[in-house]
Amino acid sequence: MLIGGSVKTVVCPYCGFGCKLLVDPQTLIVKPYRGEPNRGRLCPKGLYAMEFALSKNRVKRPLKRNRNALKPITWGQAIEEISHKLLEIREVYGPDAVAFISSSKISNEENYLLQKIARLFGTNNIDNCARICHEASVHALKTTIGTGTQTNPYEDIENFGAILIWGYNPAETHPVIIHYIKKAKKRGAKIIVVDIRETITMNLADYKFVIKPGTDIVLANAIMNVIIREELYNEEFIKNRTTGFSEVRMAVMKYTPEYAEKVTGVPATLIQKAAREFALAGSGAIMWGMGVTQHVSGVENVLAIINIALLLGYIGNRGGLYPMRGQNNVQGAAYMGALSEFLPGYIPLEDEKFRKRVASLWGVENIPIERGLYLTEVWDAIERDDIKALYIIGENPAVSEANFGRVRKALRKLDLLIVQDLFITKTARYAHYILPASAFCEKDGSYMNSERRIQWSEKVLEPLNDSKPDWKILTMLGKGLGLPGFNYSSVEEITKEYFSLFPELEEKDIEDLKSENGIFLPRKRLHTWEFATPNGKARFIAVEQIPPWESTNGEYPFALTTVRLISHYNTGEMTLRSPSLTKLMGEPKILINAEDAKYLEIEDNDLVEIETRRGKIRMRAKIGKVARGVVAVPFHFKANKITNNALNKAGTPEFKFSAAKIRKPKSGKPILDNYL
Ligand SMILES: Nc1nc2c(c(=O)[nH]1)N[C@H]1C(S)=C(S)[C@@H](COP(=O)(O)OP(=O)(O)OC[C@H]3O[C@@H](n4cnc5c(=O)[nH]c(N)nc54)[C@H](O)[C@@H]3O)O[C@H]1N2
Ligand SMILES: Nc1nc2c(c(=O)[nH]1)N[C@H]1C(S)=C(S)[C@@H](COP(=O)(O)OP(=O)(O)OC[C@H]3O[C@@H](n4cnc5c(=O)[nH]c(N)nc54)[C@H](O)[C@@H]3O)O[C@H]1N2
Ligand code: SF4
Ligand SMILES: [Mo]
């Protein structure tokens, strides 16, 4: 239902860049916001963002499973039954037999409420898809510089002298940020792109480094080897603002450019030239993505990248670290405490003073201190009978988790599965209860983008049918569970409550958040003078090459990685329900090197079968620029049937490396037919 009135400003529901959309409530036409951060630009996903919300397939009322059928029930019944069953499970097995999965698609207020429910219920089993995305960056950044986030705003990118883009393909995944990178290039910035295939982003590059998957540390250490040997590092910065330089100096000695050439495939002379240019640029950004974090060496990969920035003093006013966040509110979900090892503001659970402060705000004596399960640990915990009930909001693990066969088996085994989503997703098909959530445009709330800018999103439409905004459902659930302090009657009351946990927000009010530029938390630029570590200095941590979990061999000779496409989004639940986007969609294809294809007698567009130790999928082939022995498969839809679920120290799976074999089947259809 239209609510009328003037044009509304809404935060894009797709990626973490955080564009604002101007939506006309009469016509529902979307136009780009002229101010920051999108400066009059949008990609097609933002432009057509209203379409999935208007889909006929939305869940319209609460549903309960009755054998194989889903039957409508009232909200009152749903909340009463779910609360009763959760309390019963807590009574018999304890609070840690329940896990909550929050969503990087829902607002700060909604994430804040779900972690509040989990912790008041008695468990830190609360997590979100940050775990399978940038959590390795959070762990590495927190250890070295004291904060786990992007350090600088987007606007700084256009002023730096060089940009190093690593395992990140913004031309497809954050299209609007390309505007900032192009402005830097026009001003003369050198652009270096490191990937395992020739990406569209490489069209902007002065140096295109196509490496073998999982060899990133060798390349990073070789770049440092050149910078140190040629004394191009920033001695003053290292002396005054860091510790641990001598260990890094020792560690990178053996990573000569010649050695790196053998391992990565990038010519030694090019590594030398690029290292020199990056060092002599005087300032620089390093931007990275999933090619870096989704490895068993994810945390160490990020440490290696941070070391390059520290060597050159490219931080604060002379540079920035940009772990570019994926989902529209993944940064907010983490900041609001929807992570199993952190309270709001990334404060560790062990911080007694802060824990007590949170508890007193919530009207209880204390909250649990033991770290909860990572999202990626939940599936084995169900297998072990440690988890009996799972409450999932806006997350689709039956498709997005590595080696999803075992996830689906675990979902089937649960005593109680509640899924709160817009659609009957592949995950919801296993649910005992499905709760219909309202879409982004049917509610107010705040979201935090990758540069830590909190922005207000306005309601454009009334909730569809009997759906409810997630914060309203969670308010009912909190009350149903008998938890204190769930008498919210407006979303702003929740905003005020989370404001009170952050010293930087004490002086601010909601009107500041609703203003044109939103609010940066804690501030626009971090670490200008001092790092957030106990001694105020950044820590170099030397790292050595770590091989991928699986190795290729005669039977599985190919290194398989998974990637994203511009016209598809994650598990497809939103984009596949948008008529305009489906028109733009290309068929996902496996990318293979021309010589490998010739050897296997595969031609462009042939159907091929890709098999790993977990299973097989089929897809058409595209012959293109990727190293021999490497294949890249779009992750959307079925790739996780065959990916490897080995985890890194931060709990992220190695989505970016599985050993595989490729063959041409005699007949058959590609996997995407009739997907939804
Ligand atoms: N169109 C679109 N946009 C999106 C999304 C989407 O699904 N579709 N998803 C959003 C989300 S949740 C996220 S997290 C971001 C992710 O954004 P990106 O990080 O850009 O996404 P990916 O394509 O997964 O991985 C980036 C690159 O890593 C490369 N790569 C693979 N293995 C390796 C390796 O071993 N080393 C190196 N150096 N590179 C490697 C891939 O070839 C790929 O080009 O995108 C967000 N934006
Ligand atoms: N092989 C491989 N696997 C990967 C990756 C990879 O690179 N390779 N990348 C990983 C990464 S980085 C990520 S982030 C994950 C993404 O994995 P998921 O987060 O599971 O994927 P999405 O498709 O974004 O699912 C979001 C869900 O939220 C729902 N939703 C949208 N808006 C709302 C709302 O307002 N309320 C509620 N309640 N629900 C809503 C949508 O309908 C959808 O079901 O995938 C991971 N999996
Ligand atoms: S770049 Fe990201 S935030 Fe901007 S319109 Fe596209 S999907 Fe939305
Ligand atoms: Mo992500």
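## Backbone features in loops

Pro37 is located in the loop that connects β3 (30-32) with α1 (44-47). In this predicted model, the peptide bond leading from Glu36 into Pro37 is cis, and its omega is near 0°.

The loop between β14 (342-343) and β15 (347-348) holds Tyr346. Tyr346 is a residue other than glycine with a positive phi, near 60°. As background to these features, most residues other than glycine have a negative phi, and most peptide bonds are trans.

## Packing of α8 and α14

Helix α8 (residues 216-229) packs with helix α14 (residues 298-312) at an angle of about 15°, and the two axes are 9 Å apart. Angles under 35 degrees count as roughly parallel, and α8 and α14 are therefore roughly parallel to each other. The crossing in which α8 passes α14 is left-handed.

On the α8 side, the contact is formed by Asp216, Ile217, Ala220, Ile223, Met224, Ile227 and Ile228. On the α14 side, Glu300, Asn301, Ala304, Asn307, Ile308, Leu311 and Leu312 take part. By class, the residues of this contact between α8 and α14 comprise 10 nonpolar, two polar and two charged.

## Packing of α3 and α20

Helix α3 (residues 75-93) and helix α20 (residues 470-480) cross at roughly 50°, and their axes come within 9 Å. The two helices, α3 and α20, are therefore oblique to each other. Here α3 passes α20 in a crossing that is right-handed.

From α3, the residues Trp75, Ile79, Ile82, Ser83, Leu86 and Leu87 meet a set in α20 made up of Ile473, Met476, Leu477 and Gly480. The residues of the contact of α3 with α20 include eight nonpolar and two polar, with no charged residue.

## Surroundings of ligand 1

Ligand 1 has 34 residues around it, of which Asp195, Arg197, Asp216, Arg564 and His568 come nearest. Asp216 also belongs to the contact of α8 with α14. An N or O atom in the side chain of Asp216 is 2.6 Å from a nitrogen atom of ligand 1.

Backbone atoms also approach nitrogen atoms of ligand 1. For Glu172, a backbone N or O atom lies 3.2 Å from a nitrogen atom of ligand 1. For Gly291, the distance from a polar backbone atom to a nitrogen atom of ligand 1 is 3.4 Å.

## Surroundings of ligand 2

Ligand 2 is surrounded by 34 residues, and the closest are Glu395, Ser400, Asp421, Thr571 and Asn640. The side chain of Glu395 has an N or O atom 2.6 Å from an oxygen atom of ligand 2. Asn396 contributes a backbone N or O atom that lies 2.8 Å from an oxygen atom of ligand 2.

Arg564 is involved with each ligand. An N or O atom in the side chain of Arg564 is 3.0 Å from an oxygen atom of ligand 2, and Arg564 is also listed among the residues that come nearest to ligand 1.

Terms used:
Residues are numbered from 1 along each chain as its sequence is written. Chains are lettered from A and ligands numbered from 1 in the order in which they are written. This is a predicted model: local features need pLDDT of at least 70, side-chain atom pairs count only at pLDDT 80 or more; totals for chains, interfaces and linings use all residues. Side-chain values use heavy atoms; hydrogens and water are left out. Axes are lines fitted to C-alpha atoms, for helices over the stretch in contact, and angles run from 0 to 180 degrees between N-to-C directions. Helices (H or I, at least four residues) and strands (E, at least two) are DSSP runs, numbered from the N terminus. Angles under 35 degrees count as roughly parallel, over 145 as roughly antiparallel, 65 to 115 as roughly perpendicular and the rest as oblique. A crossing is left-handed if the near helix is turned anticlockwise from the far one by less than a right angle, and right-handed if clockwise. Contact means heavy atoms within 4.5 Å. Ala, Val, Leu, Ile, Met, Phe, Trp, Tyr, Cys and Pro count as nonpolar, Asp, Glu, Lys and Arg as charged, and the others, Gly among them, as polar. A residue is near a molecule or strand if one of its heavy atoms lies within 4 Å of it. A polar contact is a pair of N or O atoms within 3.5 Å; within protein, one must be able to donate a hydrogen and the other to accept it, and residues adjacent in sequence count only if both atoms are side-chain atoms.
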